[in-house]
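This report goes through a protein model from its overall makeup down to single residues. Terms are given their cut-offs where they come up.

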Amino acid sequence: MPWMGINDLGTFVVAVIVFMMLPGPGTFTLLTATARGGVRAGYSTLAGLMLGDQILITIAATGVAALLKAHPLLFAGLRYVGAAYLIWVGFQLVRERAAGSAGTAPTQLGRRWFRQALLVGVLNPKAILFYMAFFPLFIDPVRQRGALTLLTMALLIALISIAWCSVLIFGGQLIARRLAGYPRVGTWMRRSVGVFLMVFGVRLGVEGA
């Protein structure tokens, strides 16, 4: 029996969890923020990623995603912007020498991580297509309640995001503490994340060519 117009709620939850667990730019951005700024930076990043998800869900629900798909040039432009931003973020991580800026206030750092995570999430056209294809699979056309059903699905995704990302944040914090005495290892890990983001950005741009 569909709950709130959602078909097979259990499968929906499992599918969201699996999607969350797949490593991507958001995951690496979250881990990097936590390793460099602690739990506070991690949750600032999580807030940005969650807001980005909610924006993409709204885009998919209002049909803008279908509009982007119907106009390849517009969608390609979005893809290139997202690719360029990922490459830029990755390049900053690769070239940065210090683990952090001593003169930067924690609030400013939190805002920086939030903005970066928001842009990483929103400028990922693959995520737009995912939500556009994902939501209709679990919406009962007869018992669906319109905006209320979509709001319920979005809320479930948000709760799962908080739970899973909290595991990543506290796990990342533990690893960061263990590596505190090995600055070279931390530097290479940061650079590896930067290279991953750059490669992901290049791949995203090439696929749109």
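Helices (H or I, at least four residues) and strands (E, at least two) are taken as DSSP runs and numbered from the N terminus. On that basis the elements of the protein run α-α-α-α-α-α-α-α from the N terminus on, which comes to eight helices and zero strands. The model is predicted, and local features need pLDDT of at least 70, side-chain atom pairs count only at pLDDT 80 or more, while totals for chains, interfaces and linings use all residues. Residues are numbered from 1 along each chain as its sequence is written, and side-chain values use heavy atoms, with hydrogens and water left out.

**Whole chain**

The accessible surface of the protein is about 11,400 Å², and 70% of it belongs to carbon and sulfur atoms; such areas come from the Shrake-Rupley method with a 1.4 Å probe, and for residues only the protein chains shown count as cover. Of the 209 residues in the protein, 41% are buried. Buried means under 20% relative accessible area, exposed means over 50%, and partly exposed is in between (1.4 Å probe, protein chains only). Contact means heavy atoms within 4.5 Å. Among contacts between residues at least 6 apart in sequence, 89% join residues at least 24 apart.

**Packing of α1 and α6**

Helix α1 (residues 9-21) packs with helix α6 (residues 125-134) at an angle of about 170°, and their axes are 13 Å apart. Axes here are lines fitted to C-alpha atoms, for helices over the stretch in contact, and angles run from 0 to 180 degrees between N-to-C directions. The angle makes α1 roughly antiparallel to α6, a label for angles over 145 degrees, with under 35 counted as roughly parallel, 65 to 115 as roughly perpendicular and the rest as oblique. On the α1 side the contact is made by Phe12, Ala15, Val16 and Phe19, and on the α6 side by Phe130, Tyr131 and Phe134. By class, this contact has seven nonpolar, no polar and no charged residues. Ala, Val, Leu, Ile, Met, Phe, Trp, Tyr, Cys and Pro count as nonpolar, Asp, Glu, Lys and Arg as charged, and the others, Gly among them, as polar.

**Aromatic pair**

A search of the whole structure finds one aromatic pair. Tyr43 and Phe170 form this pair, which is edge-to-face, at 6.3 Å centre to centre and 65° between the planes. Rings of Phe, Tyr and Trp (its six-membered ring) pair if their centres lie within 6.5 Å; planes under 30 degrees apart count as stacked, over 60 as edge-to-face and the rest as tilted. The pair links distant parts of the chain, with Tyr43 in helix α2 (residues 25-62) and Phe170 in helix α7, 127 residues apart. Tyr43 is partly exposed, and Phe170 is also partly exposed.

**Individual residues**

The table gives relative accessible areas.

| Residue | Relative accessible area | Class |
|---|---|---|
| Thr29 | 2% | buried |
| Val193 | 13% | buried |
| Gln173 | 15% | buried |
| Tyr43 | 31% | partly exposed |
| Phe170 | 48% | partly exposed |

Thr29 is in helix α2. Leaving aside neighbours within four places in sequence, Thr29 is in contact with Thr45, Gln116, Ala117 and Val120.

Gln173 lies in helix α7 (residues 147-178). Not counting residues up to four places away in sequence, Gln173 touches Thr34, Gly38 and Val39.

Val193 belongs to helix α8 (residues 183-207). Which residues does Val193 contact, leaving aside neighbours within four places in sequence? They are Phe28, Thr32 and Leu93.
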